[in-house]
Amino acid sequence: MLDERTVKDMREFPCVEVSFVMEGRKLDLQQVTEELKITPASTRGIDDWPQIIKDNKSLPEELRPRYVWCICCEERPCKTLELPVHKLMSRLEGKEKKLIELCKKYDLKNSVVIVIHAEAMNLPELVLPPDIVSYFGKLEVEIGFDMYVY
């Protein structure tokens, strides 16, 4: 049984959300969902972008409206990045070949975004072991971090 101090300490550990995001101007959101057999946490179509962005022809290509397909895994409290990242990897397991095919077919950019919400001086261990780096490297996935420290 956990004592009161341990429970209090656990509440102070950060929240980590890990997302796998596919983006592209030619992406068929429904077809990707059907082919991967994964229900996305969120999607965004070209028409879902604010009108001011849709009308701005001077934006660089990477900031223009595009289709976005995203799945997420969250862990709270979280002491290391490994657990939520491995949860995400297990959702993609066995679908790697299909992901690569979809990327070529739709000219997609894939990324993993790791969002950390934590109190100052209470961040999780910020280490990605070789198996994680290798797995996403084979899929040509960029890994980014967003940190919100309060």
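What share of the 150 residues in the protein chain is buried? Buried residues make up 36% of them, where buried means under 20% relative accessible area, exposed over 50% and partly exposed in between, with a 1.4 Å probe and protein chains only.

Before going on, the ground rules. This is a predicted model, in which local features need pLDDT of at least 70 and side-chain atom pairs count only at pLDDT 80 or more, while totals for chains, interfaces and linings use all residues. Residues are numbered from 1 along each chain as its sequence is written, and side-chain values use heavy atoms, with hydrogens and water left out.

The overall layout comes next. The protein chain has 6 helices and 5 strands. Helices here are DSSP runs of H or I with at least four residues, strands are runs of E with at least two, and both are numbered from the N terminus. Read from the N terminus, the order is α-β-α-β-α-β-α-α-β-α-β. Along the principal axes, the C-alpha atoms fill a box of roughly 55 × 40 × 25 Å. A contact means heavy atoms within 4.5 Å. Among contacts with a separation of 6 or more, 80% are between residues 24 or more positions apart.

Now to one helix pair. Two packed helices are described by the angle between their axes and the distance between the axes. For helix α4, residues 82-92, and helix α6, residues 130-138, the axes come within 11 Å and cross at roughly 35°. The axes are lines fitted to C-alpha atoms, for helices over the stretch in contact, and angles run from 0 to 180 degrees between N-to-C directions. The crossing of α4 past α6 is left-handed, meaning that the near helix is turned anticlockwise from the far one by less than a right angle.

Which residues meet there? From α4 there are Glu 82, Val 85, His 86, Leu 88, Met 89 and Leu 92, and from α6 there are Asp 131, Ile 132, Tyr 135 and Phe 136. This contact divides into 7 nonpolar, 1 polar and 2 charged residues. In that scheme Ala, Val, Leu, Ile, Met, Phe, Trp, Tyr, Cys and Pro are nonpolar, Asp, Glu, Lys and Arg are charged, and the others, Gly among them, are polar.

Next, Glu 75, in strand β3, residues 67-75. Why does Glu 75 count as buried? Because its relative accessibility is 14%. Beyond neighbours within four places in sequence, Glu 75 contacts Pro 14, Cys 15, Val 16, Leu 83, Pro 84 and Lys 87. The side chains of Glu 75 and Lys 87 are joined by a polar contact of 2.5 Å.

Last, some backbone points. Arg 76 and Pro 77 are joined by a cis peptide bond, with omega about -10°, and Pro 77 is in the loop between β3 and α4. Met 121, a residue other than glycine, has a positive phi near 65°. It is in the loop between β4 (109-118) and α6, and is exposed at 84% relative accessible area. Glu 140 is not a glycine either, and its phi is about 55°.

Methods: A polar contact is a pair of N or O atoms within 3.5 Å; within protein, one must be able to donate a hydrogen and the other to accept it, and residues adjacent in sequence count only if both atoms are side-chain atoms.
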